Structures are given as C-alpha cells and as structure tokens.
Amino acid sequence: MLVHWHRSDLRAPDNEGLRRAAERADGVVPLFVFDEEVLSYGSPPRVAFMLDALRSLRSWYRERGGDLYLAAGDPSAVLPDLCERLGAEGVVWNRGYSGLARERDEAVRAALDDAGIDHRDHGDALHHEPGSITTNEGEHYSVFTYFWRKWRDREKADPHDPPPAGALEDAGPGEFDAVPDLAALGFDAPEATVEPGGREAGRERLESFCAGDIYDYEDRRDYPADGCTSRLSAHLKWGTVGVREVYAATEEAMAASDGDSDRESVEEFRSQLAWREFYAHVLRFNPEFVAENFDEYERPIEWREDDEELRAWKAGETGYPIVDAGMRQLRAEAYVHNRVRMIVASFLTKDLLLDWREGYAHFRRHLADHDAASDAGGWQWAASTGTDAQPYFRIFNPMRQGEEYDPEAAYIREHVPELAGVDPETIHSWHELDPAARTEAAPEYPAPIVDHGERRERALATFERARGEGEGASGDG
Ligand SMILES: Cc1cc2nc3c(=O)[nH]c(=O)nc-3n(C[C@H](O)[C@H](O)[C@H](O)COP(=O)(O)OP(=O)(O)OC[C@H]3O[C@@H](n4cnc5c(N)ncnc54)[C@H](O)[C@@H]3O)c2cc1C
C-alpha cells in the first residue's frame with residue numbers, strides 16, 4: 001500500500017503522482033496534511049479556495065468507496081507515523097518548485113529515510129520540468145520568447161485517467177470528519193467573495209472557456225470589462241484542474257476552430273500557460289526571486305517610503321480610476337484582471353516609486369490565485385527588475401491605459417461605485433478636470449493623489465541613477 005500526499009494537486013484525474021502510485025501498489029491512501037508552517041503563509045481568500053477544493057476532492061473519493069485522509073501537523077512527523085500505522089510501504093507526491101516547498105520536501109525525505117519508508121516525487125504541475133528547457137549551452141532562459149518557442153514545439157503528454165475505484169484504500173477520515181472551516185484553522189472570513197474552488201467549478205470554467213471565449217482571447221484578453229479570459233489561475237494554482245487536461249482542451253478547441261484567427265487565438269492562450277511555466281522555472285533555479293531583484297542595477301533603486309500613498313493605493317483611492325477599480329476588484333473578488341494587474345503594479349512602482357515587494361505582499365494576502373512564481377514574475381516585470389521585464393523607461397500612463405482598455409468605463413464603473421453614474425469621457429479626463437467639475441461629477445471620488453507627468457519624470461531619473469547613468473530613452477505607454 002502507498003500513501004499519495006496531496007498538496008497543490010487537489011484532484012484525482014490527470015494526476016501524475018496518484019496515477020503512478022495506483023500503478024505500483026495494490027492500494028492507495030490519499031492524504032492531505034494541514035501543515036502549520038505552510039498555513040502561516042496563507043491568507044483567507046487563498047485558504048478558502050483550498051478548503052473548497054478539499055471538500056470537492058474528498059467527495060470525489062467518497063463517491064468511489066475511498067476517502068481523503070486529513071491530518072494536521074508537520075508532514076515530516078505525520079508521514080512516517082501514518083505509514084507505520086497503516087502499514088504503508090511508501091509515500092508519493094507531486095513536486096513543488098518554490099524554495100519553501102523544496103525545503104519542506106527535503107525534510108520529509110530525510111524523515112522517511114530515517115524511518116526506512118520509500119518515497120518518490122513526480123513532476124505534475126508543469127508540462128516540462130525545470131531544467132528541461134534550456135539554451136543550446138544548457139543555460140536557463142531568462143527571456144520568455146526563446147523559452148516559448150521551445151515550450152510550444154515540445155510534445156505534450158495526454159491527460160491521465162483517475163485511479164480506478166478498486167485502487168483506493170479507505171483509511172478513514174483521519175483527524176477531521178469534515179473538512180475544517182477557516183475559523184478552525186485560525187483565519188478570518190475573507191473580505192472578498194471568493195469564487196468556488198472545487199474541481200467541478202474548475203472543469204466548468206475550462207469547458208465553457210474552450211467552447212467560446214478562447215476564440216476571442218487574442219483580441220479581447222486585454223479588456224477587463226469583457227471577461228473573456230479563462231479565470232483558471234486559482235484552479236491551476238491549487239491543481240483542481242491538471243495542466244494536461246487544460247492543454248487537451250486547447251487541442252479540441254484548435255480542432256474545432258474556424259480559420260487562422262481562431263487558431264492564433266488558441267495559440268495566444270497557450271503562450272499564457274507557458275508564461276506560468278516560465279516563471280516556475282525561474283523560481284526553481286532562483287529561490288530568492290520572490291524577495292530580491294532578479295535584474296541587478298549598478299546601484300540600489302531608491303524606493304520611497306510613503307505610508308499615505310501606499311494606503312491610498314491599497315484602498316483604491318488614488319484618484320486614477322482604472323487603478324482604483326483594479327485595487328477594489330482585488331478586495332471584492334480576490335482576483336484582478338491581468339491588464340489591470342500590470343497597470344496597478346506600474347502605478348505603485350513607477351508613479352509612487354514604492355518597492356515592488358510592498359505590492360507583492362499585498363497581492364499575496366488578497367489574491368486567491370497567488371502563486372509565488374507568477375506573482376513575483378508579474379511584480380518584477382512591472383518594476384523593471386525582472387526577467388524579460390518592462391524596460392524602466394516605458395512607464396504606463398494610467399489615464400491612457402484606462403481609456404484604451406476600458407473605453408466605456410464599464411469595468412471602472414462596476415468596481416468604483418462613486419463613478420457609477422459618471423460618463424466615460426469625464427472618467428477618462430478625471431486628472432484634467434478642475435476641482436469644481438470633479439465635485440459636481442462625483443463628490444465622493446478623490447482627486448488624483450499625484451501628477452503622473454511629474455512622477456514619471458522622477459521615476460525615470462531614479463532608475464537612471466540606479467543604472468549609474470544620467471540619460472536613457474523614454475516613452476510613455
Ligand atoms: C503584478 C502581477 C501579479 C501577478 N500575480 C499572479 C499570481 O499570483 N498568480 C497567477 O496565477 N498569475 C499572476 N499574474 C499573471 C496573470 O495576471 C494571471 O495569471 C491572470 O490574470 C489570471 O487570470 P486568468 O486565469 O483569466 O488568465 P488567462 O489569461 O486565462 O491565462 C490562462 C492562465 O495562464 C497563466 N498566466 C496568464 N498570464 C500569466 C502571466 N503573465 N504570468 C504567469 N502566468 C500567467 C495563468 O495560470 C492563467 O490562469 C500576475 C500578473 C501581474 C502583472
């Protein structure tokens with residue numbers, strides 16, 4: 001008998017480790033451990049999503065005569081104990097790539113070795129393992145385009161079948177008859193309405209996206225009011241859908257496509273899946289990526305400290321409508337549209353010149369889909385400190401971005417109630433209005449807290465100093 005230790009792979013179908021365990025053993029006990037150390041990095045929306053996923057996973061097993069064994073504690077103590085009690089010969093799990101996950105796994109391996117228990121880990125969360133896509137000289141890529149070309153051309157594995165019902169051992173519910181709620185784990189209720197986290201919800205999103213929006217993805221993915229992206233990020237983070245089944249769904253969409261534009265759109269979606277893998281590879285070989293600038297400048301970047309500006313950014317009270325809409329979507333939904341993530345991140349790191357790590361910490365707390373690799377990747381991109389980053393001199397103009405990507409201000413008006421009754425033209429010229437016109441249009445909504453033009457100049461000068469030079473090309477996005 002083997003134990004399959006579920007972590008960020010909260011599904012039974014298309015699960016590499018689980019499949020391998022079921023092939024090798026005459027019985028598999030699925031296990032999840034509430035690990036205090038890992039939970040100490042958790043946050044209410046993320047843990048809420050995870051608990052939903054666990055409820056759905058447990059139902060899946062119970063409907064097939066098995067159960068999900070739930071334990072709490074340090075996995076390096078829980079796993080050897082449990083194996084001994086059940087008479088299990090070994091433990092199987094799917095690999096994690098962050099520094100924290102790798103440290104924990106190393107400790108678990110050592111504890112299992114001491115207890116004489118077999119252990120194996122498998123690659124499941126990515127199509128291609130870190131280290132398998134490199135330059136011809138064997139170097140890891142730090143530029144996405146080259147990585148993408150190789151990623152795209154590599155063959156992808158088919159989705160795996162779930163283990164047959166006969167392979168499941170029922171070792172009982174473990175320490176929890178019911179999946180605990182947030183309060184039992186020491187978390188407050190999330191401020192946001194978090195989307196349902198179970199596998200059914202993930203499959204539904206995948207199927208509906210691949211039956212329709214995927215064909216508009218290339219043209220419409222940047223427009224937050226359109227909602228035509230997949231919203232699969234939290235499902236991919238928690239593994240409620242498997243990467244192979246996502247890719248297989250894109251193959252079906254490709255087969256059903258009508259013309260080049262449909263096919264290019266499916267390909268564009270695949271390239272976003274590859275971004276996720278690119279950042280996972282970067283983090284695997286650079287564990288400090290979540291805390292340190294990837295791209296080192298000659299001198300330290302002189303980030304400012306300004307509690308009031310940071311507060312206004314977090315609260316969505318900057319007086320820049322698209323920025324405020326994004327920050328409020330974060331608090332309301334534990335999610336932000338990708339284009340708007342880029343805009344709010346640029347605003348924090350360039351207009352306010354506040355350290356990207358402040359933004360990363362805030363996103364980590366509030367996003368249901370927070371993923372160390374993609375979050376650090378996104379922040380470092382916006383801060384011009386990352387791999388393949390936005391050049392420091394290309395600074396988003398938040399008013400222009402709002403006008404271009406939310407022309408009818410539908411997204412802004414949805415998330416900023418003070419502007420709900422204001423016409424798009426007034427919203428998009430908010431920075432130019434005189435105080436009386438602003439008060440008349442939306443008395444509760446603030447004036448811009450900073451002047452973008454001035455702040456842009458200051459950011460350019462700051463980055464140029466960090467580069468050790470006094471000149472540089474410039475362009476306003
Ligand atoms: C500052 C910043 C922080 C971010 N933090 C996270 C994060 O914590 N977790 C996270 O999953 N994504 C993060 N992203 C990337 C991206 O914004 C989200 O993946 C995307 O908005 C999720 O919505 P979706 O599932 O509808 O995406 P879709 O457009 O449907 O994309 C499909 C999938 O591809 C992956 N993906 C798409 N874009 C990116 C990207 N730029 N980088 C990495 N993977 C990508 C995601 O897994 C996503 O679910 C961040 C981006 C920025 C700019």
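Biologist: How many Å separate a polar side-chain atom of Y335 from an oxygen atom of the ligand?
Modeller: This is a predicted model: local features need pLDDT of at least 70, side-chain atom pairs count only at pLDDT 80 or more, and totals for chains, interfaces and linings use all residues. Residues are numbered from 1 along each chain as its sequence is written, and side-chain values use heavy atoms, with hydrogens and water left out. A polar contact is a pair of N or O atoms within 3.5 Å; within protein, one must be able to donate a hydrogen and the other to accept it, and residues adjacent in sequence count only if both atoms are side-chain atoms. For Y335, the distance to the ligand oxygen is 2.8 Å.

Biologist: Which residue places a backbone N or O atom 3.0 Å from an oxygen atom of the ligand?
Modeller: S230 uses a polar side-chain atom, 2.6 Å from a ligand oxygen. The backbone atom at 3.0 Å belongs to S233.

Biologist: What share of the ligand's accessible area does the protein cover?
Modeller: Accessible areas come from the Shrake-Rupley method with a 1.4 Å probe. On its own, the ligand has 820 Å². The protein covers 96%.

Biologist: Which helix gives the most to the shell around the ligand?
Modeller: The shell has 28 residues, each with a heavy atom within 4 Å of the ligand. Helices are DSSP runs (H or I, at least four residues), numbered from the N terminus. α9, α11, α14 and α16 each supply at least two shell residues. With six residues, the top contributor is α11.

Biologist: Is H160 buried or exposed?
Modeller: H160 sits in the loop between α6 and α7. Its side chain makes polar contacts with the side chains of E16 (2.5 Å) and R244 (3.5 Å). Buried means under 20% relative accessible area, exposed over 50%, partly exposed in between (1.4 Å probe, protein chains only). At 13%, H160 is therefore buried.

Biologist: What is the relative accessible area of Y41?
Modeller: Y41 lies in the loop between α2 and α3. Its C-alpha is 8.8 Å from that of R365, 324 residues apart along the chain. Y41 is partly exposed, with a value of 35%.
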